[in-house]
Amino acid sequence: MAGQPDDHCTRCGACCAAFRVDFHHSELESATPGGVPDGLTVPVTTTLVRMRGTDAAPPRCVALAGEIGTAVRCTLYASRPSPCRDFAPYAALGIGEDACDRARARHGLPPLG
């Protein structure tokens with residue numbers, strides 16, 4: 001999909017449909033210019049918010065567009081929250097880690113090398 005480099009992550013997206021994404025409310029657009037749009041989150045506590053859709057069963061982040069394992073993109077990639085920025089930092093290079101491999105397995109995808 002356009003707008004992001006072609007790598008394992010832009011073909012996969014399994015992590016966006018496998019885990020809850022909670023983060024501090026200071027990352028919201030209402031608190032930080034260019035932050036995560038408030039409307040894409042739900043409150044968890046007085047200081048934590050969660051990406052909409054990630055607490056569903058099965059989870060799927062509201063910002064994920066496309067088909068998992070084929071072609072996906074994050075619709076708020078430039079302003080994604082810190083858990084997304086920090087997740088599997090080498091996956092785009094084809095180097096997975098435990099959480100990445102577990103997410104891929106949930107969607108019938110093999111682990112990364």
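Predicted model: local features only at pLDDT ≥ 70, side-chain atom pairs only at ≥ 80, totals over all residues.

Q: What do β2 and β3 form, and how many residues lie between them?

A: They form a hairpin, with four residues between the two strands.

Q: Which strand is joined to strand β3 (residues 48-51) by three bridges, and how do the two run?

A: That strand is β1 (residues 22-24), and the two run antiparallel. A facing pair here is F23 and V49, the latter in β3.

Q: How many bridges join strand β4 to strand β5?

A: Four bridges join β4 (residues 64-67) to β5 (residues 71-74), and these strands run antiparallel.

Q: What should I look at in the turn between β4 and β5?

A: β4 and β5 form a hairpin with three residues between them, and G69 in the turn has a positive phi of about 85°.

Q: Next, salt bridges. What is the general idea, and how many does the structure hold?

A: Side chains of opposite charge can pair when their charged atoms come close. In this model there are three salt bridges.

Q: Which residue forms a salt bridge with D22, and how far apart are the closest N and O atoms?

A: The partner is R50, with the closest N and O atoms 2.5 Å apart. R50 lies in strand β3 and D22 in strand β1, so the pair ties together parts that are 28 residues apart in sequence.

Q: Is R50 buried or exposed?

A: R50 counts as buried because its relative accessibility is 12%, and the cut-off for buried is under 20%. D22, at 28% relative accessibility, counts as partly exposed.

Q: What other residue is linked with D22 and R50 in a network of salt bridges?

A: D55 is linked with them in that network. R50 forms a salt bridge with D55, where the closest N and O atoms are 3.9 Å apart. D55 counts as partly exposed, at 41% relative accessibility.

Q: Where do R102 and D98 lie?

A: Both lie in helix α3, four residues apart, which is about one turn of the helix. R102 forms a salt bridge with D98, and the closest N and O atoms are 3.1 Å apart. R102 counts as partly exposed at 39% relative accessibility, whereas D98 is exposed, with a relative accessible area of 53%.

Q: Last, pockets. How much space lies in the largest pocket?

A: Rolling a probe the size of a water molecule over the atoms shows where empty space is left. In this model, the largest pocket holds about 730 Å³ of space. It is lined by 37 residues, of which C9, C15, C16, C84 and F87 are the closest to its centre. The elements giving two or more residues to that lining are α1 (8-11), β5, α2 (82-86) and α3 (98-106).

Q: How does the lining of the largest pocket divide by class?

A: The lining has 27 nonpolar, four polar and six charged residues.

Key:
Residues numbered from 1 in each chain as written. Heavy atoms only, no water. Pairing = 2+ DSSP bridges. 1 Å grid on protein atoms, 1.4 Å probe; cavity = no way out; pocket = protein on both sides within 12 Å on 5 of 7 lines; lining within 4 Å. Points joined across faces, edges and corners; volume = space filled by probe spheres on them. Nonpolar A, V, L, I, M, F, W, Y, C, P; charged D, E, K, R; others polar. Salt bridge = Lys/Arg side-chain N within 4 Å of Asp/Glu carboxyl O. Buried < 20%, exposed > 50% of the residue type's maximum accessible area, 1.4 Å probe, protein only.
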